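Hello,

Here is the structure I promised to pass on to you. Have a look at it first, and then read my notes below.

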Amino acid sequence: MLKGTILITGAASGIGKACAERMAEEGWAVVVADVALPAAEALVRDLTDRGLTAMAVRMDVSDEDEVEAGFDRMTERFGSCDMVMSNAGVQIVHPFEDYPFADWKKMMAIHADGAFLVSRAAYRRMKASGKGGRIVFTGSVQSFVGSKLKEPYNFAKHGVAGLAKAIAREGAEHRIYTYTICPSFVRTPLVDKQLPEQAASLGITEEQVIRDVMLRDTVDGQFTTVEDVANTLVFLSQDQGALTGQSIRLTHGWAMM
Ligand code: NAD
């Protein structure tokens with residue numbers, strides 16, 4: 001007996017992949033939605049080979065038609081949309097004065113338009129079902145602080161936490177709960193790609209980027225892990241109405257409330 005259905009965007013890699021695996025292991029039907037379809041399909045093959053329930057959909061989160069079509073495929077196949085994790089993301093770092101407008105627009109398309117389109121698609125289906133649901137955004141410690149070279153990312157991640165709060169107000173009467181999971185740095189391909197880029201922009205070594213930039217403001221010099229995020233997602237899947245609208249900080253003490 002399945003516990004429910006969840007669609008996770010950006011689920012072919014990193015945080016989204018770990019969350020997709022974990023939710024499938026917990027007994028959820030998982031839609032692995034990603035612009036990288038072959039990687040999404042490979043993960044789904046792996047999960048179904050283990051007797052778990054999953055399907056892959058190609059979804060560019062900045063494309064309204066692809067987002068709606070992906071959710072339609074989810075409800076056709078699994079009958080409902082009980083939970084969504086709006087997680088797809090990229091990072092593009094540049095010194096602010098050199099930040100190309102085209103890269104700013106790309107960051108807004110994926111992080112801002114993507115969060116809007118994915119949460120709205122889920123909200124529509126959760127409201128229509130009469131059962132409600134849970135909308136989880138992947139925010140970041142960057143939802144609370146500012147960091148060099150990351151103006152658009154900070155702008156978008158602050159915005160996602162605000163979007164969750166607004167939807168929590170409107171969704172409450174339909175039993176639609178929202179949350180923003182806010183990790184500090186997690187070693188994923190997104191972070192590994194940034195290491196040489198930040199080192200070059202800041203004129204320091206990659207080891208210094210890890211120690212003096214990424215982990216500097218934690219209390220213990222530790223990365224957050226994909227398992228930390230997956231554990232939090234499982235917790236939030238258990239009807240945490242009291243936490244609706246909240247940002248949950250997984251930051252090793254960085255940006256404590
Ligand atoms: P990742 O690069 O490992 O995975 C990102 C996934 O998103 C990839 O599979 C990629 O194909 C997909 N993607 C990219 N653009 C897309 C689009 N337009 N439509 C659909 N899918 C798309 O990165 P990650 O570190 O796992 O990041 C996942 C989320 O976590 C992002 O929102 C990121 O900002 C956030 N985050 C990451 C960290 C970190 O340190 N890694 C910390 C806090 C928050």
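Of the 257 residues of the chain, 52% count as buried, where buried means under 20% relative accessible area, exposed over 50%, and partly exposed in between (1.4 Å probe, protein chains only). Please keep in mind that this is a predicted model, in which local features need pLDDT of at least 70, side-chain atom pairs count only at pLDDT 80 or more, and totals for chains, interfaces and linings use all residues. Residues are numbered from 1 along each chain as its sequence is written, and side-chain values use heavy atoms, leaving out hydrogens and water.

Now the overall build. The chain has eight helices and seven strands; these are DSSP runs (helices H or I, at least four residues; strands E, at least two), numbered from the N terminus. Its C-alpha atoms fill a box of roughly 55 × 40 × 35 Å along the principal axes. Among contacts (heavy atoms within 4.5 Å) with a separation of 6 or more, 69% are between residues 24 or more positions apart.

Two residues deserve a look at their backbone. Most residues other than glycine have a negative phi. Leu149, however, is not a glycine and has a positive phi of about 75°. Leu149 sits in the loop between strand E5 (133-138) and helix H5 (151-171), and it counts as buried because its relative accessibility is 7%.

His252 also has a positive phi, of about 50°, without being a glycine. You will find His252 in the segment after strand E7 (246-250), where it is partly exposed, at 26% relative accessible area.

Happy exploring!
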